[in-house]
Amino acid sequence: MKRLQPTTQYRKDLKRYKNNPKKLAALKEVLLMLMNEQTIPVEYYPHMLRGNYTGCMECHIQGDFLLIWVDEENDVIELVRLGSHSELFE
């Protein structure tokens, strides 16, 4: 089982969604898959990023609700960002 390590920016992003229980429930589902080292299903469109986020993975949790993370070779997954395309890729 891997350990999740949120960045400071991820924590700030998460605060914007604290009053949206549906998005938080969907996020929790994806985070459990990451922790348990399960493959993220195709419907979440998991893919590698380029540019400013080279080396990071992204998936679409719900529509335009995205999670960006780095899966280290060790037992840590770094949670980088959370938000919409416009918030993350300005």
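The model is predicted. The protein chain holds 3 helices and 5 strands. Its radius of gyration is 12 Å, close to the 12 Å that the globule rule gives for 90 residues, so the chain is as compact as a globular protein of that length.

**Overall layout**

- Read from the N terminus, the elements follow the order β-α-α-β-β-β-β-α.
- The C-alpha trace spans about 30 × 30 × 25 Å along its principal axes.

- The 5 strands make an open sheet, ordered 1-5-4-3-2, with mixed pairing.
- Strand 1 (3-6) and strand 2 (47-48) stand at the edges. Each has a single partner strand, so one side of each is left without a neighbour in the sheet.
- As a general point, strands of a sheet pair through backbone hydrogen bonds, either parallel or antiparallel.

**The parallel pair**

- Strand 1 and strand 5 (residues 76-83) run parallel and are joined by 4 bridges.
- Within this pairing, Arg3 has Val76 of strand 5 as its bridge partner.

**The antiparallel pairs**

- Strand 2 and strand 3 (residues 57-62) run antiparallel, with 2 bridges between them.
- His47 sits opposite Glu58 of strand 3.
- Glu58 also has a bridge partner in strand 4, namely Ile68.
- Strand 3 pairs with strand 4 over 5 bridges, again in the antiparallel sense.
- Strand 3 and strand 4 form a hairpin with 2 residues between the strands. In this hairpin, Gly63 takes a positive phi near 50°.

**A helix on the sheet**

- Helix 1 (residues 8-15) lies across strand 1, strand 4 (65-71) and strand 5.
- Helix 1 runs at about 45° to strand 5.

**The largest pocket**

- In general, rolling a probe the size of a water molecule over the atoms shows where empty space is left.
- The largest pocket has a volume of about 170 Å³.
- Its lining consists of Lys2, Leu34, Glu37, Gln38, Thr39, Ile40, Pro46, Met57, Trp69, Asp71 and Ile77.
- What is the make-up of the lining of the largest pocket: how many residues are nonpolar, polar and charged? The residues divide into 6 nonpolar, 2 polar and 3 charged.
- Some lining residues fall in the sheet strands. Met57 lines the pocket, and strand 3 covers residues 57-62. Trp69 and Asp71 line the pocket too, and strand 4 covers 65-71. Ile77 is another lining residue, and strand 5 covers residues 76-83.

How values were computed. Residues are numbered from 1 along each chain as its sequence is written. This is a predicted model: local features need pLDDT of at least 70, side-chain atom pairs count only at pLDDT 80 or more; totals for chains, interfaces and linings use all residues. Side-chain values use heavy atoms; hydrogens and water are left out. Two strands pair if DSSP finds at least two bridges between them. Contact means heavy atoms within 4.5 Å. Axes are lines fitted to C-alpha atoms, for helices over the stretch in contact, and angles run from 0 to 180 degrees between N-to-C directions. On a 1 Å grid over the protein atoms alone, a cavity is a set of points where a 1.4 Å probe fits but cannot get out, and a pocket is an open set with protein on both sides within 12 Å along at least five of seven lines; lining residues have an atom within 4 Å of a point. Grid points are joined across faces, edges and corners, and a volume is the space filled by probe spheres set on the points. Ala, Val, Leu, Ile, Met, Phe, Trp, Tyr, Cys and Pro count as nonpolar, Asp, Glu, Lys and Arg as charged, and the others, Gly among them, as polar. The radius of gyration is taken over C-alpha atoms; the globule rule is 2.2 Å times the number of residues to the power 0.38.
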